[in-house]
Amino acid sequence: MRIGIDMMGGDYAPQEAVKGVLQYLQSSSPVVPLTLIGDEQPVRSLFQDIPEILRFVHAPEIIGMNEHATRALKEKPESSIAKGFKLLAAGEIDAFVSAGNTGAMMVGTFYNIKSIEGVLRPTISTLMPQINGGYSLILDVGLNADCKAENLFQFAVLGSLYAQHILKIEDPRVALLNIGEEEGKGNLLAQAAYPLLKASPQIHFIGNIEGRDILTGKADVMVTEGFTGNVLLKMAESLYDVATHRGFGEDEYFQRFHYENYGGTPILGVSKPVIIGHGISGAAAFRNMIVLAQKMLESDLLSKMKASFVI
């Protein structure tokens with residue numbers, strides 16, 4: 001098991017990426033070997049001592065945060081993102097973590113890493129802190145702005161497996177985000193998705209939930225299309241900033257809206273773990289992205305997802 005890290009991705013790379021690696025290595029839990037991908041000399045110079053568990057792969061080029069994703073990957077084959085995906089596709093690393101150009105990470109994933117057979121569209125998710133102290137998962141949060149009912153059903157299966165094996169929720173309650181609780185409510189997409197979710201033995205479907213239920217712990221997995229999901233994601237991110245501005249940012253509940261607590265989001269539905277972090281990721285975010293990649297590998301989550309889509 002080896003995790004690859006893009007050391008040049010993000011606004012504060014490579015300094016914060018190195019700090020995150022050090023925080024991970026100093027944790028009390030068992031650690032796994034890491035491959036650090038980036039401009040080797042500047043990255044090495046930030047370490048006082050280099051543990052044997054680290055391996056360096058030189059990648060002198062950097063894809064900027066505002067560069068055109070497809071063009072940049074084609075024109076910069078020696079970039080940390082391009083090399084990371086080459087290593088992942090070749091099996092030299094088992095998971096890839098980056099806080100770099102989101103578009104390049106998406107394009108790199110779809111060009112280099114196969115989707116799980118049977119998955120129509122991969123998805124991305126985010127955690128929503130619940131008032132009872134737990135977390136719920138909401139997906140999709142931006143990868144698929146327009147969806148069909150079959151997509152929402154598959155998001156529910158992927159999200160349920162993630163909640164079960166990563167969040168350790170034994171029997172995740174799955175709900176469809178809607179404008180009313182009653183069956184038959186909503187737009188054409190919601191009306192078409194409801195019977196698919198209701199009929200499936202793969203998930204514990206509890207019906208529709210409304211916007212007021214998102215933070216109350218009513219469901220463990222909340223399913224929607226990426227347009228609505230992304231609006232909710234950005235609103236949730238703003239809650240921490242609003243709380244801080246109003247003088248109660250240290251409140252335990254609002255602290256859990258800080259993006260660094262989660263590090264990044266995995267692309268669910270592809271055959272290998274790819275985790276995308278926020279462009280302004282600091283050390284804690286990098287550490288948490290590495291921890292998440294490790295959990296995905298140790299739980300064998302991808303094999304469980306593949307088994308769920310066997311025809």
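## Crossing of H6 and H7

In this predicted model, helices H6 and H7 cross with right-handed geometry. H6 spans residues 149–165 and H7 spans residues 188–199; their axes come within 8 Å and cross at roughly 45 degrees. The two helices are therefore oblique to each other.

On the H6 side, the contact involves Ala149, Glu150, Leu152, Phe153 and Ala156, which meet Leu189, Ala192, Ala193, Leu196 and Leu197 of H7. Sorted by class, the residues of this contact are nine nonpolar, no polar and one charged.

## Packing of H6 against H11

H6 also packs with helix H11, residues 301–308, at an angle of about 145 degrees, and the axes lie 10 Å apart. This crossing of H6 and H11 is right-handed.

Val157, Leu158, Leu161, Tyr162 and His165 of H6 form the contact together with Leu301, Lys304, Met305 and Ser308 of H11. The classes represented between H6 and H11 are six nonpolar, two polar and one charged residues.

In soluble globular proteins, nonpolar side chains tend to be buried together. The largest nonpolar core of this model has 60 residues, of which Ile3, Met7, Val21, Leu34 and Leu36 touch the most other members. H6 gives the most to this core, contributing 10 residues.

Leaving aside residues up to four places away in sequence, Met7 touches Ala13, Pro14, Ala17, Val18, Val21, Leu36, Ile37 and Val43. A second core, separate and made up of 39 residues, includes Ile37, Ala59, Ile93 and Val107.

Notes
Residues are numbered from 1 along each chain as its sequence is written. This is a predicted model: local features need pLDDT of at least 70, side-chain atom pairs count only at pLDDT 80 or more; totals for chains, interfaces and linings use all residues. Side-chain values use heavy atoms; hydrogens and water are left out. Axes are lines fitted to C-alpha atoms, for helices over the stretch in contact, and angles run from 0 to 180 degrees between N-to-C directions. Helices (H or I, at least four residues) and strands (E, at least two) are DSSP runs, numbered from the N terminus. Angles under 35 degrees count as roughly parallel, over 145 as roughly antiparallel, 65 to 115 as roughly perpendicular and the rest as oblique. A crossing is left-handed if the near helix is turned anticlockwise from the far one by less than a right angle, and right-handed if clockwise. Contact means heavy atoms within 4.5 Å. Ala, Val, Leu, Ile, Met, Phe, Trp, Tyr, Cys and Pro count as nonpolar, Asp, Glu, Lys and Arg as charged, and the others, Gly among them, as polar. A nonpolar core is a set of buried Ala, Val, Leu, Ile, Met, Phe, Trp, Tyr and Cys residues joined through side-chain atoms within 4.5 Å. Buried means under 20% relative accessible area, exposed over 50%, partly exposed in between (1.4 Å probe, protein chains only).
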